[in-house]
Amino acid sequence: MSAPAASAERPLPVWRRPAAAAALRAALVPAGACAVVLLLLCVYTATGAAGDPPARIGVSDARILQSAGSATTTVLVSLRNTGPVEDTLESVSSLDLGVMVLARTVTENGESRTRPIGPVTVASGGSLRMDAFGVKVAVLDPPELDLGEKVGIDLWFRNSGRVKATAVTVRPGRP
């Protein structure tokens, strides 16, 4: 008797073997699901929908105290944050008014002075009413403005970005 003839067939590739093919199919399902979830997360964050919802800042009663030839004047506004997170007023600007800084009146040695301050936080659900003797916006070297004249101002917030408002010129002493 002769020895059995050697088989001329080549072995199957690994992915074609029944056990390996089943393992590969089992691994592709979770890997594919991860890829789809990662793609959806990328789209979600790219549209700005991720993270805390933004603050909602409302501006009312914006007014400029008429300077009457003074070297400085004051802009006063009322802010209301109706959003779910706090926001911070970092600066105020206006092309028509020139240099503007956040300021506060402080009393030192019995003398009241206006001092620049840093950013001002408006709490979630809170408000800030600026007044001449507390937090305000100081305008350095203001232009001459007529009573009732309206000027556009931009309030710059950390989270909300630019919030536009229109301030009207009033006489000092108006509440």
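Trainee: How many helices and strands are in the protein chain?
Mentor: One helix and ten strands. Helices (H or I, at least four residues) and strands (E, at least two) are DSSP runs, numbered from the N terminus. This is a predicted model, where local features need pLDDT of at least 70, side-chain atom pairs count only at pLDDT 80 or more, and totals for chains, interfaces and linings use all residues. Residues are numbered from 1 along each chain as its sequence is written, and side-chain values use heavy atoms, with hydrogens and water left out.

Trainee: In what order do the elements run from the N terminus?
Mentor: The order is α-β-β-β-β-β-β-β-β-β-β.

Trainee: What share of the residues counts as buried?
Mentor: 29% of the 175 residues in the protein chain. Buried means under 20% relative accessible area, exposed over 50%, partly exposed in between (1.4 Å probe, protein chains only).

Trainee: Salt bridges next. How many are there?
Mentor: The count is six. The rule asks for a side-chain nitrogen of Lys or Arg within 4 Å of a carboxyl oxygen of Asp or Glu.

Trainee: Which residues are linked in a network?
Mentor: Asp61, Arg63 and Arg129. The closest N and O atoms of Arg63 and Asp61 are 3.0 Å apart. For Arg129 and Asp61 the figure is 3.3 Å.

Trainee: Is Arg63 buried or exposed?
Mentor: Arg63 counts as buried, because its relative accessibility is 2%. Asp61 is partly exposed at 27%. Arg129 is also partly exposed, at 47%.

Trainee: Which residue forms a salt bridge with Glu90?
Mentor: Arg158, with the closest N and O atoms 2.7 Å apart. This pair links distant parts of the chain too: Glu90 is in strand β3 (residues 87-93), and Arg158 is in the loop between β9 (150-157) and β10 (161-170), 68 residues apart. Glu90 is partly exposed, with a relative accessible area of 37%.

Trainee: Switching to Ser78. Where does it lie?
Mentor: In strand β2 (residues 72-81). Ser78 has a relative accessible area of 10%, so it is buried.

Trainee: What joins the side chains of Ser78 and Arg129?
Mentor: A polar contact of 3.0 Å. That term means a pair of N or O atoms within 3.5 Å; within protein, one must be able to donate a hydrogen and the other to accept it, and residues adjacent in sequence count only if both atoms are side-chain atoms.

Trainee: Which residues is Ser78 in contact with, leaving aside neighbours within four places in sequence?
Mentor: Gly58, Val59, Ser60, Asp61, Leu128 and Arg129. Contact means heavy atoms within 4.5 Å.

Trainee: Last one. Where is Leu41 found?
Mentor: In helix α1 (residues 18-46). Leu41 is partly exposed, at 47% relative accessibility.
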